[in-house]
Amino acid sequence: MRTSRTWWWLSGVIVGALGLGVSYLVAGLLRVRASPAVAVGEGVRDLTPDGIVHWAIETFRSHDKLALFVGMFVILTLVFAGLGWLARTRWWLTVTGYVVLGVVASVAVMSEPASTTTEMVPVVAGFVTWLIGLAVMAGWLRRWELVEASDDAAGDPTHSRRSFFLAAGAVAGIAVLSGVLGKLAGFQRAAVDRDRRLLRVEDATKPVQPRGVKVDVDGVPAWQTSADDFYLIDTAFVKPAIRPRDWQLRIHGMVDRELTLSFDDLIGMEITEDWITLNCVSNEVGGNLIGNAWWSGVRLAGILAQLGIQDGADAVLQTSDDGWTCGTPLEALTDERSAMLAVYMNGEPLTIEHGFPVRTIVPGLYGYVSACKWVVDMEVTKFDRIDAYWTDRGWSEQGPVKIASRIDVPDGGADVETGTLVCAGSAWKQHTGIERVEVSLDGGAWTSATLGRVPSDDTWVQWRAEVDVDDGDHQLRVRAIGKDGDVQTGVEHDVLPDGATGWHTVEFSAR
Ligand SMILES: Nc1nc2c(c(=O)[nH]1)N[C@H]1C(S)=C(S)[C@@H](COP(=O)(O)O)O[C@H]1N2
Ligand SMILES: [Mo]
């Protein structure tokens, strides 16, 4: 048997590189900012004591990124070579090694800010590639070894060796190619990230949380939702990465003059800002598909007024860069409310996931009929002429938010002490406002809760109440009453077609 161990080592390195290349390419195609290797690198950087980072910078006389890159390159080459060598006699150890690397990458990827399940796809792609690559390369090497070992002159060692080298060369070629393509595919995302960081919109301000909005009970989510904690809902598997200078919004249809806005045109207009709570029609009773942020942008009413809306129009069909559509009642975009083309969320440019560079925000309507992310087209039209993404799939044409309330404290299943129990939560009916929140313990009388303050009717409100609990199992319910007199119904209804109804109920025990 003359096949040198070297070829097993080398195969290991080639297969390792192939997996990294493929994961990088998939990350680029999905516009995932941090490919698995980058996420691991950033994780290492964050976990490394500052002293070592500085030492690396001094020693390598260059950027810490380069030192990190070189370090990772050396370590990975050694690890992959070792795994290749192991594959010769104990392939299962090699597979175990890939699993360990995959787990490390998964942890790194999921601890990136605002990571979603999409970020896991490159990890899985790389892992599967390693397994397939390992099987293929080991197959060629074994064949070669077999032919060399046999005395049978019919088996031509030169031939099998050449086959192996061809296979190795091809795999290495694919590894390099996928790396290069990944770089190209990810380029746009990187450019957009840079644009985001550099973007300055004059007159967009930082949020200052109004006094008294919090009820100060541990376990109640923050009144202002950070971009990272803000729920994400969209149908885009690949998030659009749009550079502001490439963005345009065309507004047309039943208007006297159509208009195409560039990003600079837009932010050159008067900036409007407001606290607005956004929620999803798919939010179950007690669910958390809701968030509240300080939005900065340009009022749609002002823009639409300049275009001359024609008689009979009652809808605006909004289209996103990714093709998603929604039909919004024209009235909600032209009345006195702060319906806007938002460019900032909580005083920062929108994140790519939340619609950078421009999305629509309309107080009082569910997201699926109004909050178009990456919006690029608005057609003023009539509802009976249009089909939109979700209304096509059985959801209601009109989507005003329904009155709702939620118990955040106590948690379902909690064990609490007997005596006075402080409970708290939130309630909302955007653009109408909440007049009162009431709780009922064990089916008893409804009693009023204390409400936090709100800057306007367009946000959720926090509530707090005290109930006396004795030893045993209990059930707490909440309901809200709107400023329009609307009493939240206890009739339970599923989210389809226009939002869930029913009282949020939490069961707990007191001892
Ligand atoms: N382009 C696009 N915009 C969209 C959606 C979508 O699927 N695609 N989903 C909508 C829905 S259903 C909701 S609830 C909100 C959610 O916005 P968020 O992800 O920023 O929280 O975005 C809306 N805008
Ligand atoms: Mo939604």
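## Sheets in the model

Strand S18 (residues 472-482) and strand S19 (residues 504-510) are paired in the antiparallel sense over 7 bridges. Within this pairing, Asp473 stands opposite Ser509 in S19. Strands here (E, at least two residues) and helices (H or I, at least four residues) are DSSP runs, numbered from the N terminus, and two strands count as paired if DSSP finds at least two bridges between them. This is a predicted model, in which local features need pLDDT of at least 70 and side-chain atom pairs count only at pLDDT 80 or more, while totals for chains, interfaces and linings use all residues. Residues are numbered from 1 along each chain as its sequence is written, chains are lettered from A and ligands numbered from 1 in the order in which they are written, and side-chain values use heavy atoms, with hydrogens and water left out.

S18 and S19 belong to an open sheet of 5 strands with mixed pairing, in the order S12-S19-S18-S14-S15. Its edges are strand S12 (415-416) and strand S15 (447-448); each has a single partner strand, so one side of each is left without a neighbour in the sheet.

Another open sheet has 4 strands in the order S11-S13-S17-S16, with antiparallel pairing. Strand S11 (404-409) and strand S16 (450-451) stand at the edges of this sheet with a single partner strand each, so each has one side without a neighbour in the sheet. S11 pairs with strand S13 (residues 419-428) in the antiparallel sense over 5 bridges, and Val409 stands opposite Ala424 in S13.

## A hairpin

Strand S1 (residues 248-253) and strand S2 (residues 259-262) form an antiparallel pair over 4 bridges. A hairpin of 5 residues joins S1 to S2. The bridge partner of Ile251 is Leu259 in S2.

## Domains and their contact

The protein is divided into domain 1 (5-186), domain 2 (244-393) and domain 3 (404-510), with bounds that come from an automatic or database domain assignment. The C-alpha centres of domain 2 and domain 3 lie 31 Å apart. Their contact (heavy atoms within 4.5 Å) takes 21 residues from domain 2 and 19 residues from domain 3.

The two domains bury about 1,600 Å² between them, 57% of it on carbon and sulfur atoms. Buried area is the accessible area (1.4 Å probe) that two parts lose on being put together, summed over both. In domain 2, the residues that lose the most area to domain 3 are Thr277, Val285 and Ile290, together 29% of what that side buries. Strand S3 (272-279) and strand S4 (290-299) each supply at least two residues of the side of domain 2 that touches domain 3. The largest share, 5 residues, comes from S3.

## Polar links

Between domain 2 and domain 3 there are 6 residue pairs in polar contact, both residues at pLDDT 80 or more. A polar contact is a pair of N or O atoms within 3.5 Å; within protein, one must be able to donate a hydrogen and the other to accept it, and residues adjacent in sequence count only if both atoms are side-chain atoms. Across the same interface the rule finds 0 salt bridges, a salt bridge being a side-chain nitrogen of Lys or Arg within 4 Å of a carboxyl oxygen of Asp or Glu.

The structure holds 18 salt bridges. One of them joins Arg88 and Glu145, with the closest N and O atoms 3.3 Å apart. This pair links distant parts of the chain, 57 residues apart: Arg88 is in the loop between helix H4 (64-87) and helix H5 (91-110), and Glu145 is in helix H6 (residues 120-149).
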